[in-house]
Amino acid sequence: MASNSISVLNALDNARTQWYHVTAIVIAGMGFFTDAYDLFCISTVSKLLGRLYYYNPTTGKPGKLPHSINNLVIGVALVGTLAGQLVFGYLGDKLGRKKVYGITLILMVICAICSGLSLGSSPKAVMGTLCFFRFWLGFGIGGDYPLSATIMSEYANKKTRGAFIAAVFAMQGVGIVFAGLVSMIMSKIFLDFYAGPSFSSDPVFSTEPEADYVWRIILMLGALPGLLTYYWRMKMPETGRYTALIEGNAKQAAADMGKVLDIEIQADQDKLSQFNLANEYKLFSHEFFRRHGRHLIGTMTTWFLLDIAFYSQNLTQKDIFPTMGLTNKPENVSALREMFETSRAMFVIALLGTFPGYWFTVAFIEKIGRFYIQLVGFFMMSVFMLIMGVKYDYLRNTNHKWTFAALYGLTFFFANFGPNSTTFVLPAELFPTRLRSTCHAFSAASGKAGAMIGAFGIQYFTQDGDVGKIKKAMMLLSFTNILGFFFTFLVTETKGRSLEEISGEDGGYDEPPQVAEKRTDDRPENWEDESKKY
């Protein structure tokens, strides 16, 4: 039975783009704005924490977070994110997308505020409370990944679905830009009023006491977008696909989506019952792996490999900037000046390199397709990182620092006009409705496992500014990207088709096994032609 014979699914697939779709993008996208801001602003804050809480006069150098503490402060939110993705992804399929969606936002808001209120009488106590709240902040952030992607994919029509999901994810780029911008503005404001001398002039007063307020304000401001969108998130109805295909309530689905789309939709309860009977296989069943095993391996491996490189770049750039001459050496500036210069460099790289890539994906994903954008993105990232690794001695010279910055920015551009966007989109389209949120969670959690390797592992190569180690890190990341290029061949093109057709819910169950296998094995460029046969 084709899904287009069920009125509510047909209405969703062929709905014209209207204001409600834009509203859904903004509501879901603000969650990703918050996610990105909270995860990446810690990169600008961590150096300031080192100077405030870990200054040792006997070293003759500015305070710096010990490697283990630095890894915890930066990486603990990623651990929480991984756990949150798995838990909320599963609950999204069991309890409903909307019921769980509000919980994630409340958790993010509370923990963002509490992160800034981290208190204690010793550095160990402050870092301990900060890490505690950032773990639970990450837990809430993790839930937003599978839920936002699933909700947007199930609301969108089949012609613009990829662009809509990519637009939600593109708010991550806005969040990264604002992480640098807010850090830059706050440090500049405090600099104007409380500027201290450089460390070489006065080691003690070069760390301005007022700087302790700066990092707290920056972290707490991460709660603001969530607070502003909570009401509207709670007003969103449950997705029509969840209500119809999982709850089995065709009448409620037709009523909810009819109101949203401003049309009258038939309930089709009898047709829906037949449709659901044909798709009852479990997640870890042989039938699931026959239909979707290759795709799940593909989405998990590509997201894992991508995030090793993507999070390494974002979280370790604070260590690379001084080496490449974009910021002054810590000894030559005060604590707030160091934060300002690091934030400014991050902001420029994000605005010119990171941010445009997301929106290029939104503009071209329905024209070029997910598969080719991901393939080219991985390849170009690998090329640029290899160049930076091989020629690092030449590029780090201050005379060539802008060439280095351009190559660094292009790597970000092709990450976002490439696998960073498509690895988010594809898991929201490839899997059946009953398992969509869970499978997206598996893929996203695999990505966060890669991110932890970047946060905990790659930082070992970059934190001390050792030129040889940074070269090795760049070449290692080039290798992981080329692996991502090859693993991309495990996924397939999804543009222009309904979710039920892509996942095989749309009548694929009654085909002979050899036909189903043939459809799964087709090359991406043949999908569009092959889909007309079924």
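A crossing of two helices is called right-handed if the near helix is turned clockwise from the far one by less than a right angle. That is how α13 passes α16 in this predicted model.

Before zooming in on that pair, here is the overall picture. The protein chain has 23 helices and zero strands. Of its 534 residues, 61% count as buried. Among the chain's contacts with a separation of 6 or more, 84% come from residues 24 or more positions apart.

Now for the helix pair itself. Two packed helices are described by the angle between their axes and the distance between the axes. Helix α13 covers residues 335–368 and helix α16 covers residues 401–416. Their axes come within 7 Å and cross at roughly 25°. Angles under 35 degrees count as roughly parallel, so α13 and α16 are roughly parallel to each other.

Which residues make the contact? On the α13 side they are I349, G353, T354, P356, G357, Y358, F360 and T361. These meet A405, Y408, G409, F412, F413 and N416 in α16.

How far can the model be trusted? The mean pLDDT of the protein chain is 84, and 88% of its residues reach 70 or more. Residues 508–534 are another story, with pLDDT staying under 50. The model does have 33 contacts beyond four places in sequence for that stretch. Still, where pLDDT is low, the predicted coordinates should not be read in detail.

Terms used
Residues are numbered from 1 along each chain as its sequence is written. This is a predicted model: local features need pLDDT of at least 70, side-chain atom pairs count only at pLDDT 80 or more; totals for chains, interfaces and linings use all residues. Side-chain values use heavy atoms; hydrogens and water are left out. Axes are lines fitted to C-alpha atoms, for helices over the stretch in contact, and angles run from 0 to 180 degrees between N-to-C directions. Helices (H or I, at least four residues) and strands (E, at least two) are DSSP runs, numbered from the N terminus. Angles under 35 degrees count as roughly parallel, over 145 as roughly antiparallel, 65 to 115 as roughly perpendicular and the rest as oblique. Contact means heavy atoms within 4.5 Å. pLDDT is the predictor's confidence in each residue, from 0 to 100. Buried means under 20% relative accessible area, exposed over 50%, partly exposed in between (1.4 Å probe, protein chains only).
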